[in-house]
Amino acid sequence: MQDAHEIVNPDLIRLSSIIFSAEDAIISRNIEGLIDSWNPAAERIFGFTSAEALGRHISMIIPPRQQEREEQLANRVLNGERVGHFSASRLTKGGRKINVSVNLSPVRNKDGSITGLAMIARDISSWQKQAEEKQAMLAAIVNSADDAIISKNLNGFITSWNPGAQAIFGYTEEEVIGKHITILIPPEKRQEEDYIISCITKGRKVEHFQTTRITKYGKEIKVSLTVSPIKNRQGQVIGASKIARDITEQVAIQAQLEQQTEKLKELNRAKDEFIGMASHELKTPLTSIKAYVQLLERQLKGEAQTALSITKTIRHVNKLSGLISDLLDVSRIEAGKLQLDFISFPLGAFLLEVIDSVQHTTVTHVIECKCDIGELNVYADRQRIEQVLTNLLTNAAKYSPKADKIVVEAVRTGNDLIISVRDYGIGIPQAELDNVFSRFYRVKELHPSFSGLGIGLFISQEIIQRHHGRIWVESQEGSGSTFYFSIPAFKRKEE
């Protein structure tokens with residue numbers, strides 16, 4: 001004969017352990033409603049011990065007003081149906097009501113006959129309290145919001161209306177609940193509602209939709225709308241939540257800004273046209289003056305003092321002519337009319353020619369050329385590259401008054417030619433390096449003796465960029481500066 005514990009079904013032992021340790025109350029009752037099992041969680045939730053509960057009617061934990069409904073549910077279960085996850089109230093031993101989530105299922109014997117029902121009950125009082133607190137907090141947020149927060153059903157009828165909506169649109173809650181949302185929509189904008197509803201029914205959100213709406217008093221206002229679908233517990237879309245922000249003032253300010261911006265652009269265009277026209281008009285008489293002074297210089301070669309005065313006059317005329325040419329170039333750049341004339345020319349001879357030309361204008365600096373590039377041709381605008389190099393050389397002399405040397409180097413790197421101009425002058429502060437190529441920019445705190453309009457480097461940068469190259473500077477305050485520019489290099493065909 002087998003020992004008693006050896007014939008116990010291990011599955012029953014495991015099931016009993018699960019019921020005993022469960023956090024939910026697990027209770028069974030017979031057909032008459034008498035309790036025949038009561039686990040420790042039921043003791044903890046309802047306060048009755050197992051001894052106090054077993055054999056008593058289940059109605060001891062059901063409030064009187066719910067007993068008829070509970071009996072109807074019990075009958076459905078005793079007919080073989082499962083009733084799952086419904087909320088109900090239950091009574092503790094002390095008579096306190098608690099909220100529970102209940103699941104009912106039939107209990108069958110070995111023959112499959114229903115002998116009672118099992119109830120699983122979970123205490124959701126704390127959860128419900130948290131949900132109520134959260135709901136209260138959300139309600140407070142909605143009520144205190146400056147934006148209009150409105151809900152409507154899928155037919156477009158308003159179901160909620162916060163104080164922000166009243167402040168923006170003028171209607172009280174009593175005046176709009178149950179009314180169609182089109183009371184806020186101008187007739188010519190009614191098709192927008194069809195679009196919004198079509199998005200919502202598909203579960204899509206409409207964000208930052210700017211449009212026009214109308215207040216109770218017939219005033220049209222600009223609003224930014226965000227509309228989101230409202231879903232039930234089954235995930236079905238049942239309505240829409242709309243947040244509307246009055247942006248009438250912002251739109252007006254934006255329109256003013258755009259208008260002012262357009263005016264500034266127009267003024268800038270007029271300024272550029274004036275610079276171009278003035279430069280052209282100044283250039284014509286200046287050219288004539290220069291020609292007449294040069295004629296006088298040739299005629300008065302024997303008169304030393306007069307010749308010296310004329311030479312100085314020509315130098316200042318050339319300086320003035322250069323400034324006017326720079327202003328004219330700025331105007332052309334701004335108008336997109338700076339033309340380039342590309343030709344192929346030998347770089348080495350070109351560099352020596354430009355250096356020699358600049359050397360004749362300075363007696364304070366010696367310009368050294370370190371250009372080991374062989375017979376190299378470049379394809380560029382010769383006159384404009386000369387303009388860039390001349391500007392860098394004259395700047396080097398101007399900003400190194402205590403030095404006596406300027407070094408020009410040219411090297412080839414791959415298909416690029418890099419030309420640099422180095423001086424040993426005052427240098428540029430690190431904070432200023434990013435700005436030196438800006439139009440009309442001059443380094444701060446420069447001594448007044450360093451004259452200029454601050455456009456030479458701006459023009460040089462534009463010329464180099466149009467050659468598909470780049471221009472940059474390396475400098476240290478008090479130790480001089482080195483300006484670099486690169487342009488594509490091309491060899492002679494015979495090389």
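User: How far apart are N and O in the salt bridge where the side chains of E207 and K205 meet?

Analyst: This is a predicted model, in which local features need pLDDT of at least 70, side-chain atom pairs count only at pLDDT 80 or more, and totals for chains, interfaces and linings use all residues. Side-chain values use heavy atoms, with hydrogens and water left out, and residues are numbered from 1 along each chain as its sequence is written. A salt bridge here is a side-chain nitrogen of Lys or Arg within 4 Å of a carboxyl oxygen of Asp or Glu. The side chains of E207 and K205 meet in such a pair, and the N to O value is 4.0 Å.

User: Is K205 buried, partly exposed or exposed, and what is its relative accessible area?

Analyst: Buried means under 20% relative accessible area and exposed over 50%, with partly exposed in between (1.4 Å probe, protein chains only). K205 is partly exposed, its relative accessible area being 47%.

User: Which parts does the salt bridge between R122 and D24 tie together?

Analyst: The closest N and O atoms of R122 and D24 are 2.9 Å apart. Helices (H or I, at least four residues) and strands (E, at least two) are DSSP runs, numbered from the N terminus. R122 lies in strand β5 (residues 114–123), so the pair, 98 residues apart in sequence, ties this strand to the loop between α1 (10–21) and β1 (25–30).
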